[in-house]
Amino acid sequence: MGFHEKSAWACLLSIGLVYVPYFAVVLRHPMAALGFFVLATIALVVLLVIFHIVNAVATRSIRATGDTPPVDELDQRIELHAAKWAGFGLAAAVLAWILRIATLLPVAGVVTIKRMAANGVEVSPADFAVPVLSAMAAVQWLFAAFVIANVVYYGVIVIGYRRLARA
Amino acid sequence: MHKAEISNRIRELRFKAGEMTQQALADSVGVTRQTVIALERRKYYPSLELAFLIADSFGVTLEEVFQHQSPKNE
């Protein structure tokens, strides 16, 4: 397994290890997002540094020459292919997010107004309000779309190298 | 469009060049060993630039390294 493939595995594993627990917590408790975001970012950087040090030590050519193997035309081709699929993934996820927001947030706003009216509060269309928790969760779903695109990117790179290795 | 079949003699030429290793060839043309392996297994067709570099590293012409077989119409 070459350096660049191991590097893609490292990114994929790091993203999985950090963002699966992150979203498991934050999508249930959106108000905890800021603190968890800082923690997740630090954890991601630490994991990536550790994985890349291990990768460099485990790669024979780096041990021999001290240089990182070049990104050649085959690596670039695999990366371009991955970027294309990540772009599709991001577009699909953002479109899904827009559809979700366009349908669910107005419903949440109407529910809030109805609840206020049921409690005897005089309401007008100007009172249309989106609950903070729903808005915060929506922002996290958009961030999840970005993370999914990254998973697709590194996943397609790994698949590209695996296909070459299997042949 | 029919897909062309491009074969190569990289493996054979490496052995003729004093049993040159895949890594030595990769270093001489500025690619990774993985790319040389992919080329030998015909899982990847190189750019013209890389094809010329490979031919130069063996001191032969491009045609002696890469052979093009016209696609057959079925």
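Residues are numbered from 1 along each chain as its sequence is written, and chains are lettered from A in the order in which they are written. Because the model is predicted, local features need pLDDT of at least 70 and side-chain atom pairs count only at pLDDT 80 or more, while totals for chains, interfaces and linings use all residues.

Q: Which helix of chain B gives the most to the side that touches chain A?
A: Two residues are in contact if their C-beta atoms, placed from the backbone, lie within 7 Å. Between the chains, the contact takes nine residues from chain A and 11 from chain B. With three residues, the top giver on the chain B side is helix α3 (residues 33-40).

Q: How do the residues on the side of chain B that touches chain A divide by class?
A: Here's the sorting rule: Ala, Val, Leu, Ile, Met, Phe, Trp, Tyr, Cys and Pro count as nonpolar, Asp, Glu, Lys and Arg as charged, and the others, Gly among them, as polar. Sorted that way, the side of chain B that touches chain A has four nonpolar, five polar and two charged residues.

Q: Is α3(B) mostly covered or mostly uncovered?
A: A residue is buried if 20 or more other C-beta atoms lie within 10 Å of its own, exposed if 12 or fewer, and partly exposed in between, with C-beta atoms placed from the backbone. The buried residues in α3(B) are Gln34(B), Thr35(B), Val36(B), Ile37(B), Ala38(B) and Leu39(B). Their cover includes α4 (73-118) and α5 (132-166) of chain A, along with β1 (5-8), α1 (10-16) and α2 of chain B. With six of its eight residues buried, α3(B) is mostly covered.

Q: How is α2(B) set relative to α3(B)?
A: Axes are lines fitted to C-alpha atoms, for helices over the stretch in contact, and angles run from 0 to 180 degrees between N-to-C directions. The axes of helix α2 (residues 22-29) of chain B and α3(B) come within 8 Å and cross at roughly 110°. Angles under 35 degrees count as roughly parallel, over 145 as roughly antiparallel, 65 to 115 as roughly perpendicular and the rest as oblique. So α2(B) is, relative to α3(B), roughly perpendicular.

Q: Which residues of α2(B) meet α4(B)?
A: The axes of α2(B) and helix α4 (residues 48-58) of chain B come within 9 Å and cross at roughly 120°, which makes this pair oblique. On the α4(B) side sit Leu50(B), Leu53(B), Ile54(B) and Ser57(B). On the α2(B) side, the residues are Leu25(B), Ser28(B) and Val29(B).

Q: Which residue of chain B is listed among those with the most contacts inside the largest nonpolar core?
A: A nonpolar core is a set of buried Ala, Val, Leu, Ile, Met, Phe, Trp, Tyr and Cys residues joined through C-beta atoms within 7 Å. The elements giving two or more residues to the largest one are α1 (3-26), α4 and α5 of chain A, plus α2 and α3 of chain B. This core has 31 residues, and its listed residues include Ala82(A), Val152(A), Tyr153(A), Ile157(A) and, from chain B, Val36(B).

Q: Is the crossing of α1(A) and α2(A) left-handed or right-handed?
A: The two axes come within 9 Å and cross at roughly 160°, so α1(A) and α2(A) are roughly antiparallel to each other. A crossing is left-handed if the near helix is turned anticlockwise from the far one by less than a right angle, and right-handed if clockwise. For α1(A) and α2(A), the crossing is right-handed.

Q: Is Ala58(A) buried or exposed?
A: Ala58(A) lies in helix α2 (residues 33-58) of chain A. In sequence, Ala58(A) is 52 residues from Lys6(A), but in space the two are 9.6 Å apart, C-alpha to C-alpha. Because 12 other C-beta atoms lie within 10 Å, Ala58(A) counts as exposed.

Methods:
Helix = DSSP H or I, 4+ residues; strand = E, 2+ residues; numbered from the N terminus.
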